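Here is a short briefing on the model shown below.

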Amino acid sequence: MMIDIRNVHKTFGGFPALSDVSLKIKEGELVALLGPSGSGKTSLLRILAGLEFPDSGQVLFDGGDATNVSVRDRRVGFVFQHYALFRHMTVFDNVAFGLTVRRGPGRLSKEEIGDRVRHLLEMVQLGGLAERYPSQLSGGQRQRVALARALAIQPKVLLLDEPFGALDARVRKELRRWLRNLHDELKITGVFVTHDQEEALDVADRVVVMNKGRIEQAGTPTQIYDSPATPFVYQFLGNVNSLECHIRDGVAQIGSLTLPASAYAGVQEAAGLAFVRPHDLLLSKMGEGAGAQAEVRHISILGPLVRVELLLGEQVLEAEISRQRHAELGLKIGQQVLIWPRQARFFLRDSWQGTSLLDPETPIDHAI
Amino acid sequence: MSTRLNPLLESRAVRIGLTLVAAIILLLFLFAPLVVVFGEALSKGLGAYLDALTEPDTLSSIWLTLVVAAICVPVNLVFGICAAWCVAKFDFRGKSLLTTIIDLPFSVSPVIAGLIYVLVFGLQGWLGPWLRDHGIHIIFALPGIVLATLFITFPFVARELIPLMEEQGTEAEEAAVSLGANGWQVFRRVTLPNVKWGLLYGVLLCNARAMGEFGAVSVVSGHIRGRTTTMPLQVEILYNEYNMVAAFAVASLLAMLALVTLAVKTFFEWRYAKELAA
Amino acid sequence: MFAAALIVLVPISALFLRSAGLTWDQFIAAAFSPRVMASYRLSFGGALIAAVFNVIAGLIVAWVLVRYDFPFRKLVDALVDLPFALPTAVAGVALTALYAPKGVLGKALLSIGIKAAFTPLGVVLAMIFIGLPFVVRTVQPVLQDLEDEHEEAAVSLGADRWQVFTYVILPSILPALVTGFALAFARALGEYGSVIFIAGNMPGVSEIAPLMIVTKLEQYDYAGASAIATVMLVAAFAMLLVINSAQKWHQTRLAGR
């Protein structure tokens, strides 16, 4: 099913949860709503489900206005954060619930319900656990029961609220793969909420980054990671060095490091922020290349990677280099090295909020 | 918010219907009796009301009630704290026995509670002849009334404290001990402040019941006018004499006690919630 | 808990019997004479009807207090505890004045041909008064702690409001309802002060079992009083069992999310 969200506003007790959110979701797409708590991602999901209603704006399902359709009639499969399994019902009864309460012409016979439930339980690999109660299941199993229950009503869209939030790290990874495969198999439109960027980038076809009730950026995982549109997206998507800089006539100055910032050619004099990912920071021995001088403050070896903490003027930044490079450089604490960012992105201090800072299509690259 | 669409709310008609039903139930069963007490008490005017209250037998029943409460509340305060402390903080054999004994007065008819004392201390009872020979009066005298009231009001303080103390755990107390506090200091400075509101509420309920107990006291008191009648018994006597104004005048005092109890309870809950929120 | 109840209640019953020194036949004769049997019927029957009424009424009151907003909600909430705080004798005379033929509600009932005071109906009314807060106060916190998620899940799967109530809410609050029922029943069974005034105490018609104990005592028939008390105690013990198992059931239910 295609979903079209148009200019949705929602406030809770005077606090704006969503302001002017618009988003189109394509048929069969799996979309992640990514953001910190309070970013409005869950409110948006609940509005899609019909569990909340927008103060203004519209939600269209396949072009038809669904804004005021109640959750009962929307036929969405909703998987709750804590699964919301009915504790007094067996796994079978939980999955069968949506079919049992159905009235009217769509009502299935007991046999048909049984067949469908058994089929679903096979699909989520819980065939043998039909007579168990939720309290007798592990977290991952409960999650899959919740999913089977939501799928039982043959929903037109599957909505998942922090689907892996309550699971431990190993199970989470496994279930992530499994959800992705299930989605590829069923080709159902899906939206899930998460605060875990890795999860979003790993599972989703498209990631929608939200902050303070607005959409900061929507794009494929690659687009989001490689060309973040705003400082917020930069900072939210994993490790990044943010450095104070001055921008003047298309040139950015970070301490003693001078970098071209052609997008700001017209800017006379402004304070800004430079974002450099640790793996984009190249290190070389003094006198063996270009760059600014920095002091090695701390070295930690993290498996195949080495994280180097550096002092550039008064600013601290991190670089990630390979073990091999680390051996070549023979780094020691207190040593002076040259640093050069392979890639950096600049934002002006004055106009931080929103996406109008910089044309996202023209990231500023520097090669050595 | 568009309540019309709230998926967790009944339709407007159902909501209004249920609210009305609840209102009628509460009106008929709770509010109306309360109003009647004051209505009947003042039906012959304020003068008759005050005359009824200053009648000597009534005054002595008020005095007796105060005496009974003044004995029972402190005793059960100490008992209740000890029992709650034992149940909540320690594990020992017979712990469930103790909790059952604490609960017993709640599930036993007050009449039976009174009967136990009559059977033990009464003339035909186990200790009766011995007591008579030594000139000690328990049944049909103040000691019997106090004992029966003690039994009935025993659970109130302990019942309020046990869940609070259990919830609190032993960590803070262990910390206090590790910092060099002795047992009494731990209790006074760590345990007590944490259960303060529950304790006060328990005392309040204990007091309300001590002053208002009827069944158990009725069995052991002997209804000797002006001597062994507490206020609830005085209500009964006056009522049976068809002296309605006087009966309801005494009843109104007890009703006021109940209202004050509820008001203070609500205040405590409000304070406790505020403390939890802070 | 069960064993403990046994240890406590059996000696008390033994105390009764021994002090009374009854043989088995004498016990049967004292505890199950026709007049006493009638009082059991009234006490148990009345307590049962009152408790059933209170389960429904208490659920409605708790529901309205927890889920709806209306003026004076806090005040009404506080007032629910009135039967706990109001001395039973006061409740007794007040209910009698209210439901007597000359009373405000008694007159109204009489006009439609129902005599409330001094009949078994009056006994039930007093028992309802005394038991109502037990149901409200056991159900209220459970209702408060119900998570919206479960109901939302049910609605999103297509259940209507009534189906949500019967399939999801009712099973969750059932243990609390059973506990409330047992508490209200036990209290109504043993209640004395608030019932004897409105009952009218006509032998064989509106005498409750606790009154029979008092009556026997007044006649210095300690044995008879003890025999009736023993029967009442066994009933109280059974109620205690129901309450405890309901609470255990409740806890095991809540154990798994």
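**Chain folds and contacts**

Among contacts in chain B between residues at least 6 apart in sequence, 71% link residues at least 24 apart. The model is predicted. Chain B has 12 helices and zero strands. Chain A has 10 helices and 20 strands.

**Chain B**

- Along the sequence, chain B reads α-α-α-α-α-α-α-α-α-α-α-α.
- Its C-alpha atoms occupy a box of roughly 60 × 60 × 30 Å along the principal axes.
- Chain B counts 278 residues, and 50% of them are buried.
- Chain B carries 18 positive and 19 negative side chains. The centres of these two sets are 6 Å apart.

**Chain A**

- The C-alpha trace of chain A spans about 80 × 45 × 35 Å along its principal axes.
- Chain A counts 368 residues, of which 53% are buried.
- Chain A has an accessible surface of about 16200 Å². Carbon and sulfur atoms account for 49% of that surface.
- There are 42 positive and 43 negative charges in chain A, and their mean positions lie 6 Å apart.

**Strand pairing in chain A**

- An open sheet of four strands runs in the order β2-β1-β4-β5 in chain A, with antiparallel pairing.
- The edges of this sheet are β2 (15-25) and β5 (64-65) of chain A, each of which pairs on one side only.
- Strand β4 (residues 56-61) of chain A meets β5(A) over two bridges, in the antiparallel sense.
- Within that pairing, A:Leu60 has A:Asp65 in β5(A) as its bridge partner.
- Strands β17 (residues 305-312) and β18 (residues 315-322) of chain A are also antiparallel, and eight bridges join them.
- A:Val306 sits opposite A:Ile321 of β18(A).
- The hairpin of β17(A) and β18(A) has two residues between its strands. There, A:Gly313 adopts a positive phi near 60°.
- As background, strands of a sheet pair through backbone hydrogen bonds, either parallel or antiparallel.

**Aromatic contacts**

- Over all chains, the structure holds 28 aromatic pairs.
- A:Phe232 and A:Phe236 form a stacked pair, because their ring centres are 5.5 Å apart and their planes meet at 15°.
- Both residues belong to helix α9 (residues 231-236) of chain A. They are four residues apart, so about one helical turn separates A:Phe232 from A:Phe236.
- A:Phe232 and A:Phe236 are both buried.
- What arrangement do the rings of C:Phe84 and C:Phe134 take? The pair is edge-to-face, because the planes stand at 85° with the ring centres 4.9 Å apart.
- C:Phe84 lies in helix α5 (residues 82-85) of chain C, and C:Phe134 lies in helix α8 (residues 120-145) of chain C. The pair therefore ties together parts that are 50 residues apart in sequence.
- Relative accessibility is 29% for C:Phe84, so C:Phe84 counts as partly exposed.
- C:Phe134 counts as buried, because its relative accessibility is 17%.
- Chain C also has an aromatic cluster formed by C:Trp24, C:Phe27, C:Phe32, C:Tyr40, C:Phe44, C:Phe181 and C:Phe185.

Notes: Residues numbered from 1 in each chain as written. Chains lettered and ligands numbered in written order. Predicted model: local features only at pLDDT ≥ 70, side-chain atom pairs only at ≥ 80, totals over all residues. Heavy atoms only, no water. Pairing = 2+ DSSP bridges. Buried < 20%, exposed > 50% of the residue type's maximum accessible area, 1.4 Å probe, protein only. Contact = heavy atoms within 4.5 Å. Lys, Arg positive; Asp, Glu negative; His and termini not counted. Charge placed at Lys NZ, Arg CZ, Asp CG, Glu CD. Phe/Tyr/Trp six-rings, centres within 6.5 Å; stacked < 30°, edge-to-face > 60°. Areas by Shrake-Rupley, 256 points an atom, 1.4 Å probe, with all protein chains shown as cover.
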